[in-house]
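Thanks for coming, everyone. Let me put the structure up, and then I'll walk through it.

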Number of protein chains: 2
Amino acid sequence: MDNKRTELDKLGEFGLIDHLTEKFKLKNKSSVLGVGDDAAIIEANDKEYFLISTDTLLEGIHFDLMYMPLKHLGYKAVAVNVSDICAMNGKAEQITVSIAVSNRFPVEALEELYDGIKVACENFQVDLVGGDTSSSLSGLAISITVVGRVEKDKVVKRSGAKENDLVVVSGDLGGAYVGLQVLEREKAVYKANPDIQPDLSGHDYIVGRQLKPEARVDIIKFLDELGVVPTAMIDVSDGLASEVLHICKSSEVGCHIYDEKVPIDGATSMTAIDFNLDPNTCALNGGEDYELLFTIDQKDYDKIKGNPHMTVIGHITDKNDGRYYVDKNGSAIELRAQGWNHFED
Amino acid sequence: MDNKRTELDKLGEFGLIDHLTEKFKLKNKSSVLGVGDDAAIIEANDKEYFLISTDTLLEGIHFDLMYMPLKHLGYKAVAVNVSDICAMNGKAEQITVSIAVSNRFPVEALEELYDGIKVACENFQVDLVGGDTSSSLSGLAISITVVGRVEKDKVVKRSGAKENDLVVVSGDLGGAYVGLQVLEREKAVYKANPDIQPDLSGHDYIVGRQLKPEARVDIIKFLDELGVVPTAMIDVSDGLASEVLHICKSSEVGCHIYDEKVPIDGATSMTAIDFNLDPNTCALNGGEDYELLFTIDQKDYDKIKGNPHMTVIGHITDKNDGRYYVDKNGSAIELRAQGWNHFED
């Protein structure tokens, strides 16, 4: 190691993956698209591609069993993987599940986890086809790989956005992050005084957004029915800003995103303000909403106009015009990804 | 949880997976074979199936960084996954790699790990197409998913063995386990006195078997060239006894395995004896050899006869005849899987 030591947080999560995988080249002709999108693309047959993606959830990093019921955790672990297949405009069909678990968990705890996985499999119509279970020295880790399928002429990557395309997002944003703040507050209250019961009343929506997110398979179905193939797509796992920048970087374009267009639920806004947080900042940097962010050609605007599940939040510009977040007064600030960086202390 | 608590080690690793997944049914028509073989089988096109398998390696459970160089670990993590595709008579083509790592590792450590992954990708002709990297609270975890392909008329499952088939194993067995004993001994010596350098001289072969196992892609190629499609196959990850029993259980057959036929390298035998271990017991229960265990129809015997890479070690019998290990004196003892049970203390 030549005595050189570079700390992991120097590169950030995406920088680290890029750095570690930059020397790998695709050699098999069945490998259509490798690292760098929501899922890899693999040749299946004349008409279809396979899609494959992996996500790992770790106790203490991605979830806290103090407030995350195991059944919800199982559901969420599947949903976030299915969401990656949605982001390629595909349909998830199979998953494998790897669990590492310490002796402190009884069989009954894993049964709850698998109950949640089963409900998700039924909701998203995916089959559990494999996986393994092993012990860990501490905590619980769930690694899920999802396999999906998409017609070749409908696959959507991060890289297809072009100037003048509209930027669209499904559902609403920021809820999962604000829900997490509520859960963290109640955890702190509980730790200070275990006799006080957690008070989540009135926070069903945002707490649900955090604990039991959905993969937007319905949006993929809508788009198909409307005859719209997005030019680029990604799911919102790390926050809107980070995802917009991923699309801009992969597509080599710029963008204008409009502050007042970003869809935020009333419950999210009100609770954010209670926490002295700016709702828009929660939407931009919060993450874990698992909505779909996509770009469409302007000619498709009429098809999605008025659809309550989709909101146009901006448009794509030339690369040299930069990537901007425009506020109500028309002043533009450069978009920066804050998102998550798990390697920071 | 109804206050009931069943400890994980009650069920064992395979019993636990069976228990957790028994309620899951395959529903998508593209899901050809689910949990319970070395890889799942997914419909690809008229001629081919897609194969998928996941394996996770955890620090402190599956490897010890005191003696496992990170580059070897990266190589091994890929090899053990490729081995699962070999066990289906398929060709591995893509992998995804999920890494969870604590702050105690610098970027340079992950570079070494990925160097090993890269060498394995080149040797086994697989492409790295995806994955993620996140922090862990302690230690290193590597979860790899491998995707492969096989012609439909050549896919081999655990379940196809039939009475009178021959039981064949590639290479030799027990080396990885005995190699581990050497490494553990030198670790103990080093811990007692860090000034003493580890002495691995004369143990290259068995230490290599433990630290840098190979997936037997060459055997799959040989079998193809010889025109042999095994009737059942599995890779030897948990020890010969456990794997033979998996084939017998899936195929609903019995077997006779002959003690003196089991191929054991001279270096393995000699070192086993130095450790007061019976070499045959190491082969039966040691595991991690990643050789291929398969059954062939008797009509194919002439094709593999005399091949130095393959040894006939027994034959398949009727289920009611039981599963026996026959020693040099002709006395038969019932085969029992001891293998690994990671959940035991």
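**Strands, helices and the interface**

In β3(A), A:Y49 is the bridge partner of A:E43. This is a predicted model, in which local features need pLDDT of at least 70 and side-chain atom pairs count only at pLDDT 80 or more, while totals for chains, interfaces and linings use all residues. Residues are numbered from 1 along each chain as its sequence is written, with chains lettered from A and ligands numbered from 1 in the order in which they are written.

Stay with chain A. Strand β2 (residues 40-43) and strand β3 (residues 48-58) of chain A run antiparallel, joined by four bridges. Strands here are DSSP runs of E of at least two residues, helices are runs of H or I of at least four, and both are numbered from the N terminus. Two strands pair if DSSP finds at least two bridges between them. A hairpin of four residues links β2(A) to β3(A).

Now the other neighbour of β2(A). Strand β1 (residues 31-33) of chain A is antiparallel to β2(A), with two bridges. Opposite A:L33 stands A:I41 in β2(A). β1(A) and β2(A) also form a hairpin, with six residues between them. In that turn, A:G36 has a positive phi of about 120°.

Over to the helices of chain B. Helix α2 (residues 70-86) and helix α3 (residues 107-124) of chain B pack at about 40°, their axes 6 Å apart. Axes are lines fitted to C-alpha atoms, for helices over the stretch in contact, and angles run from 0 to 180 degrees between N-to-C directions. That makes α2(B) oblique to α3(B); oblique is what remains after under 35 degrees (roughly parallel), over 145 (roughly antiparallel) and 65 to 115 (roughly perpendicular). The contact includes B:L73 and B:V82 of α2(B), and B:L113 and B:F124 of α3(B).

How do the two chains meet? 71 residues of chain B contact 71 residues of chain A. Contact means C-beta atoms, placed from the backbone, within 7 Å. On the chain B side, β5(B) gives the most, with nine residues.

Last, the symmetry. A rotation of 180° with 0.0 Å of shift along its axis superposes chain B on chain A, RMSD 0.0 Å. That is the relation of a two-fold axis. The superposition is by least squares on C-alpha atoms of residues with pLDDT of at least 70 in both copies. 100% of the interface residues of chain B are also interface residues in chain A, so the copies meet through the same surface.

Technical notes. Two residues are in contact if their C-beta atoms, placed from the backbone, lie within 7 Å.
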